[in-house]
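Please work through each task with the structure open before reading its solution.

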Amino acid sequence: MNRNVKELISQMTLEEKAGMCSGLDFWHLKGVERLGIPSVMVSDGPHGLRKQDEHADHLGINDSLKAVCFPPAVLSACSFDRSLMHEFGDAIGKEAQANDLSVVLGPAVNIKRSPLCGRNFEYYSEDPYLAGETAASFINGVQEHHVGTSIKHFAANNQEFNRMSSSSDADERTLREIYFPPFETAVKKARPYTFMCSYNRINGTFASENPWLLTEVLRDEWGFKGYVMSDWGAVNDRVAGLKAGLELEMPSSNGVYDKEIVAAVKDGSLDEAVLDQAVERILNIIFEYTDHREEQEFTLEADHGLAKRIAEESMVLLKNDSILPLKESEKIAFIGEFAKKPRFQGGGSSHINSFRVSNTLDAVPGDTDITYVKGFPANEDVYDEALAREAVEAAKAADKAVIFAGLPDSFESEGYDRTHMRLPECQNRLIDEILAVQSEVIVVLHNGSPVEMPWLSKVKGLLEAYLGGQAVGEAVADLLFGKACPCGKLAETMPYKLSDNPSYLSFGDGENVKYQEGVFVGYRYYDAKEMPVAFPFGFGLSYTSFAYSGLRIDKTEIGENDTVRVSVDVTNTGDVEGKEIVQLYISDKTGACRRPLRELKGYEKVSLKPGETKTVDFTLDYRSFAWYSVEMKDWYAASGDYEVLIGASSRDMRLSGNVHLTAQKRMPIKVHTNTTLGELLADDRTAGHVEHLKKQLEGIFGASSEGGTKEDGDVAISDAMNDAMVACMPLRNAVSYGMCGKKELMDLIEKMNRL
Ligand code: BGC
């Protein structure tokens, strides 16, 4: 429909315009009936609809409509499958159209900085590339139905403790390289209709009133065109927020902040044009939806089937010492209440009122000889002597024992963080007791974030089901019995213990949370520290095996504007059909700056029949090689060598090649009196200008230039020390050492700054 939104706005009163900038109630935006502006509804949540009726409350205590609970992000990200995520989004978009929801509040893409974050189950990954690609595919799927998404929580909302007031204090490079890219990729590849800003502050300024975040970065740099809404109750100063780029406050503030907007326009402290622009952005999205209402047919049944497929293609087989798949002829003990009452989603605003939930016990093939025993309660940490005894007996009597372990609801949820990374003690104890009588043990985990596994070396099988959505039981059963071949890989590292995590010393602080590990988050840290981990990022087993061969890189000498095509052949060398996730990592060999050893820059999932080979292609561009230079205010890749690594996980590189980049962009030369001689000597543009200082200095330090070595222990100044002293000398010392006059030095500095 051809609309003139500006004309419409010109007919609105100041009060109506201010009113458009906050919710009508928990879930609706206001409308203006006399002008034909409808009131539309938004609703959680990322992995299913949570449409509440008039008795709404955003933390989900009241029921919402019966819907399909798809696997939460913690699991779906492990699919590493863009087209599956697109299909997932497509189903959500259809369901939203059918239920008259204009915007779905998701996806949630915050980086998993610590395994303790209570909302990790709603977030995709510790890796920004994977989170961004996954989110973009999902958003495209939803928005094809003219239903908006609200990518959240922008930004650096990585813990629940004090989430409404704490400040995430991170340097700009870290924000740009780790915490922003999922949002940036989504804007560039999927144009989300809306953004949801986070509750927290960033370096002291609330996200909801942060002009740098909401306008400079989001709109001016990335090109976002939709509207930004606040997280529920995230507004601190409404007028400051509006000026910064927060168009919509959610939910309603009962007119309190609308009045402040009106007053600010009247007293001249807020330019009415800012308000008009905000209203225009909101109306554009409202009409994008209402002008494209579609009849939608969807069935809960069919979407349940999709939920199962996503779960199956995402669950991660972590260990298999020839124990899986199970055979229908075996006598099997299922131990643990999760086998019957699986934990399949997390608590809080994303909680779905599932129309059906399947459990593994009911989903196993018909004639299998299964004994089920409860073993321990699913929802609390209580060791029950009688239940444990019964479980041990059942394990002893069976050929194999499958223990369904996991975190109770109360252990992880929106609103608070975990305090440790352990399973309930009653579960660890029972697993040990079972291992004492039965060597054929498989553990199936139901959890929203990694747990410590003290029994890991003793169990023979381990399936990470995470939170599997409502079809969890069928997916687990099919994977355990080999009706489906496991093909998910970890979207996060599983450290052995909590204290190994890079944020260990600063996670969960109150007012100011120092992101002191910088860009070394997740595998970027564990790899740099050469630290053993329980399971690395990108890891996952299959019932078949794959061989990698024939790496081709179409150009090995590239410039900034080139793209590189990388191809590799993957062969299924096993007996069953399966899918492999092929990963591409880049390692910067230029030494221009301290960077992670390698970073994910591409992945593809490929399906292969036994014996079949397929070629997998990747495309790399300048950004694939670059890091964010705060000095340049831009992405920068230095000239030099970069290694292209093809891996089956972040720690299992199969093939590698080299690319040499010649960049035009160079770091700006910024010389001052405290610039060191070493920095200037290392830069070919300035080296010639300071050579003479180096020579003079060597004379002063008494370095041996006459040959003789100074490596013997009895010399006061060795060559190495001399070199270091020369390199570390700030220019200012050239004056105090009598090497040149002050004026001469200042002239030299000025000359170099002009280069
Ligand atoms: C959550 C959001 C959610 C909103 C509405 C907030 O508490 O942080 O993720 O979309 O509530 O339920």
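**Exercise 1.** Determine how α6 and α8 are oriented to each other, and describe their contact.

*Solution.* In this predicted model, local features need pLDDT of at least 70 and side-chain atom pairs count only at pLDDT 80 or more, whereas totals for chains, interfaces and linings use all residues. Residues are numbered from 1 along each chain as its sequence is written, and side-chain values use heavy atoms, with hydrogens and water left out.

Step 1: helix α6 (residues 172-179) and helix α8 (residues 211-221) pack at an angle of about 55 degrees, their axes lying 14 Å apart; axes are lines fitted to C-alpha atoms, for helices over the stretch in contact, and angles run from 0 to 180 degrees between N-to-C directions.

Step 2: α6 and α8 are therefore oblique to each other, given that angles under 35 degrees count as roughly parallel, over 145 as roughly antiparallel, 65 to 115 as roughly perpendicular and the rest as oblique.

Step 3: the contact (heavy atoms within 4.5 Å) involves E172, L175 and R176 from α6, together with W212, V217 and E221 from α8. These contact residues comprise three nonpolar, no polar and three charged; Ala, Val, Leu, Ile, Met, Phe, Trp, Tyr, Cys and Pro count as nonpolar, Asp, Glu, Lys and Arg as charged, and the others, Gly among them, as polar.

**Exercise 2.** Decide how far strand β20 is enclosed, and identify how β18 and β23 are joined to β20.

*Solution.* Step 1: eight of the nine residues of β20 (residues 564-572) are buried (under 20% relative accessible area, with a 1.4 Å probe and protein chains only), so the strand is largely enclosed by the rest of the structure.

Step 1: strand β18 (residues 546-553) runs antiparallel to β20 and is joined to it by six bridges; R552 has S567 of β20 as its bridge partner.

Step 2: eight bridges connect β20 with strand β23 (residues 613-620), again antiparallel, and R565 stands opposite T619 in β23.

Terms used
Helix = DSSP H or I, 4+ residues; strand = E, 2+ residues; numbered from the N terminus. Buried < 20%, exposed > 50% of the residue type's maximum accessible area, 1.4 Å probe, protein only. Pairing = 2+ DSSP bridges.
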